[in-house]
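Subject: Structure handover

Hello,

Here is the structure I said I would pass on. Please look through it first; my notes on what was found follow below.

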Amino acid sequence: MIDKISYCVCCLIFTFFISISANAQTSEQKALESKRERLQQEIKEINRLLFAEKKEKGTVLDQMEALDKRINVRQELIRVTNQQSNLLNRQINVNIRSISKLREDLKILRDDYANLIQKSYQNKAQSNRLMFLLSSENFYQAFKRLQYMEQYAKHRKKQGEDIITKTNELATLNQDLVTQRKTKEQLLAENKKVKNELLNEIESQKNLLRSIRQNETKYTAAIAEKQKESRKIDREIERLIKSAIASTNKKAGKSSRTKFVLTPEAKLVANNFSANKGKLIWPVEKGIKSQGYGVYNDKLYPGIKHRNNGVTIATDQGSKARAIFEGEVIAILTVPGGSRGVQIKHGNYISTYYNLSNVYVKKGDKVLVKEVLGDIYTNRFDGTTKLKFYLYQDSNRLNPEDWIYQL
């Protein structure tokens, strides 16, 4: 009896830990699957927005950046798919152990049930229940015998139900195992395909590098021109911000050119903006980040540094720029030889939307979140449509990736 109790306790403990492990792995698997789907969608968007046939005539610099981005995303996809495959391996092993344990439990239950049936048949052959009760020496003994018979019948019924439950669990686990093995095969096949595509892209990148080396002067000239344009935009953005700070503070009797003096209303807007860090909407309805914030090395000449004081978002032709938060338009940018832009003040935060062909707002306008600010310019040469987005607190640059949701 003690051995059976110990066995049952062990079974419960085993089932408990298997259940916890299965739930944890299911949650992790869902998270990985969600990430894998997001990466697959990102690759589709890169192909659609940066590698469309009409864009093949783009500069080698743009081609290099776009190809590098696709390679990076594809490498991340391979890594995530490998994680999923490894997790499935662990789940398959857990299920194999569970199936083995269930089979052991089922054998013990069936053996016990067979013994019960055999004893019940023997008891029935020797005497019926009525005679068993009538042969009692007193009422108390008859009562205890009746209780025993009821408990015995319940126990036999429960044994039968347990056998059915365990059999169904075994069938479910076997089916799960078949499904998991098929999923694993699909993941391995997909990973093989992605790896082949990655190898092709790396080869394309090598060919592009060879082409660039043959036209080194042209490439370095393109880099210099791009850096010059970027610095021009950055200087104009920061000049307008300092001008807005000086103008606002002058009205309040202050002379600072680096920080806004905030009214109670502006302070409330700033606090609300700050409270939404990491949750702010994208400045376009849909698109992909084609270039992130910060300093990065050139892919061909690592000694050359590139700086992006904002983020660059590729989107569809005809897309509109939209306000990420409520605020006031403090400036309309017009860079000589470049596109147009809009600056919006949110308390002491400033968001800038540059590379617009048309602007729908004017200085002094109050705008709401998602309000359309203008049309994003489409490059007639390579067909790309890109918004350059910048974020500042007073005169200090911020990384928009820390503020915009999943940027």
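Accessible areas here come from the Shrake-Rupley method with a 1.4 Å probe. On that basis the chain exposes about 24100 Å², and carbon and sulfur atoms supply 53% of that area. Please keep in mind that this is a predicted model.

The chain overall

The chain has 407 residues, and 39% of them are buried. Its secondary structure comes to six helices and twelve strands. Of the contacts with a separation of 6 or more, 71% are between residues 24 or more positions apart.

β8 pairs with strand β7, residues 340-346, in the antiparallel sense over seven bridges. Within this pairing, glutamine 343 has threonine 352 in β8 as its bridge partner. The hairpin of β7 and β8 has two residues between the strands, and glycine 347 takes a positive phi near 75° there.

β8 also pairs with strand β11, residues 385-393, again in the antiparallel sense, over six bridges. Here isoleucine 350 stands opposite tyrosine 392 in β11.

Strand β10, residues 372-376, is joined to β8 by three bridges, and the two run antiparallel. In this case the bridge partner of leucine 356 is isoleucine 376 in β10.

Glycine 310

The other place to look at is glycine 310, which is found in the loop between β3 (305-308) and β4 (311-315). Is this residue buried or exposed? Glycine 310 has a relative accessible area of 0%, and since buried means under 20%, it counts as buried.

What does glycine 310 touch, leaving aside residues up to four places away in sequence? The residues are Gly292, Tyr293, Phe389, Tyr390 and Pro400. Glycine 310 can also be placed relative to tyrosine 353: the two are 43 residues apart along the chain, and their C-alpha atoms are separated by 9.9 Å.

Regards

Methods: Residues numbered from 1 in each chain as written. Predicted model: local features only at pLDDT ≥ 70, side-chain atom pairs only at ≥ 80, totals over all residues. Heavy atoms only, no water. Pairing = 2+ DSSP bridges. Helix = DSSP H or I, 4+ residues; strand = E, 2+ residues; numbered from the N terminus. Buried < 20%, exposed > 50% of the residue type's maximum accessible area, 1.4 Å probe, protein only. Contact = heavy atoms within 4.5 Å.
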